[in-house]
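Subject: Handing over a structure

Hi there,

Here is the structure I promised to pass on. Please have it open while you read the notes that come after it.

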Amino acid sequence: MFTLIFLVTSTFCFAQGDADNPVAHMSFFTSRELELSKKYLDYMTQVAHGNRARKMEKKRQELIGQIRQSLNEANRLRPYKGDASLRNAYKVYWDILYKVFNEDYHKIVNMEEIAEQSYDMMEAYLLAQEKAGEVLSDAQDKIEPVYNEFAAKNNVRLIEGGDSKLEKKMRQVSAVNAYYHDIFLIFFKSHKQEAYVMDAVARKDLNGIEQNRSTLLKYASEGLERMDTIKAFKGDGSLATACRKVLEFHKLEAEKQLPGLNDYLLKNDEFEKIKKAFDAKPANKRTKADVDAFNKAVNEVNAALESSNKVLVAMNAGREKALDQWNSTRQRFMEAHIPKGK
């Protein structure tokens, strides 16, 4: 997720009531930036807490409106003693801010609707957010030197302080989202592949099951290796543990459980051939050997079906447990580490 960092955490000394002074000029921009940052933080924390961006469209439009209003006010603002440097710098920044939320994030909202269709789409969706954040960060970085230069030229003393409460929240949202996205993509790649496996199972597609099972084993194993490199977030390793549990289930599923389903499908295919040949022979021409072979095939396929059903029950129970733990852990993790927007 991208981060909008406030520039103004400093305090200024100026003559009260003097509207035509450098601090008043600077405060115009810092006050607008403060309001924009509050709206941005509120929007991003709501999304991070699980609200879909599409449902948060009203907040995005409010933020866009606030940016447009700030731009309009900046256009009407007179340069300070002929110096338009600070005004122009903020106009460029807010223009970029407007474009990102009005155009880029509009595309991101639309991408959200299809992101879960494939790993590639999900990766592109999260990458689009990161790129939007980079654009904002680069644009914002160009403000600070102009701001400091304006203060120096006009003998305004900036009293440096620590990060503001709001800025700390915004940095926290960015850090949590970056951490979550890294783990989520590992989870999603294996999770989506498992869905392809189960679709092949539902279609009784032996080739599809085997191909997707092999890929699932590969993704789950690679995911577990990558999880070994991810540390806890500020001492909280719950999300990483929950992801690992899902991957461990997928690996078990691919290595031990799915082959049992293949065994039933193979026996069922063979049984269908035997049954077709048996049914094609008139009853009065069937030998004892024919009947015995048919009955043996029935017993074998029924035994394989019983075993297959047990495997499916175990798989469904394992999947439900792992996903329930993932979903509940994700919610608790976000509630614990994502600050409130306001």
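First, the ground rules. The model is predicted, so local features need pLDDT of at least 70 and side-chain atom pairs count only at pLDDT 80 or more, while totals for chains, interfaces and linings use all residues. Residues are numbered from 1 along each chain as its sequence is written, and side-chain values use heavy atoms, with hydrogens and water left out.

**Helix packing**

Let me start with helix α2 (residues 57-76) and helix α3 (residues 85-114), whose axes come within 10 Å and cross at roughly 160 degrees. Helices here are DSSP runs of H or I with at least four residues, numbered from the N terminus. Axes are lines fitted to C-alpha atoms over the stretch in contact, with angles running from 0 to 180 degrees between N-to-C directions. The α2 and α3 helices are therefore roughly antiparallel (angles over 145 degrees; under 35 counts as roughly parallel, 65 to 115 as roughly perpendicular and the rest as oblique). Their crossing is left-handed, that is, the near helix is turned anticlockwise from the far one by less than a right angle.

On the α2 side the contact (heavy atoms within 4.5 Å) includes L63, I64, I67 and L71, and on the α3 side W94, L97, F101 and Y105 are among the residues involved. By class, this contact has eleven nonpolar, four polar and six charged residues. Ala, Val, Leu, Ile, Met, Phe, Trp, Tyr, Cys and Pro count as nonpolar, Asp, Glu, Lys and Arg as charged, and the others, Gly among them, as polar.

Helix α1 (residues 22-48) also packs on α3, at an angle of about 15 degrees and with the axes 11 Å apart. That makes α1 roughly parallel to α3, and this crossing is left-handed. Among the residues that meet are F29, L36, Y40 and Y43 of α1 and Y90, W94, L97 and F101 of α3. The contact of α1 with α3 divides into 14 nonpolar, one polar and three charged residues.

**Aromatic rings**

How many aromatic pairs does a search of the whole structure find? There are 17, counting rings of Phe, Tyr and Trp (its six-membered ring) with centres within 6.5 Å; planes under 30 degrees apart are stacked, over 60 edge-to-face and the rest tilted.

In one of these pairs, the rings of Y90 and W94 have centres 5.3 Å apart and planes at 55 degrees, so the pair is tilted. Y90 and W94 are four residues apart in α3, which means about one helical turn separates them. Y90 has 0% relative accessibility and counts as buried (under 20% relative accessible area; exposed is over 50% and partly exposed in between, with a 1.4 Å probe and protein chains only). W94 is likewise buried at 0%.

F101 and Y105 make another tilted pair, at 6.0 Å centre to centre and 35 degrees between the planes. Both F101 and Y105 are buried. Elsewhere, Y180, F184, F187, F188 and W326 form one aromatic cluster.

**Two single residues**

E112 sits in helix α3 and is buried at 8% relative accessibility. Leaving aside neighbours within four places in sequence, E112 is in contact with R52, A53, R54 and Y125.

G223 lies in helix α7 (residues 206-227) and, at 4% relative accessibility, is buried. Not counting residues up to four places away in sequence, G223 touches I186 and L247.

Best wishes

Terms used:
Helix = DSSP H or I, 4+ residues; strand = E, 2+ residues; numbered from the N terminus.
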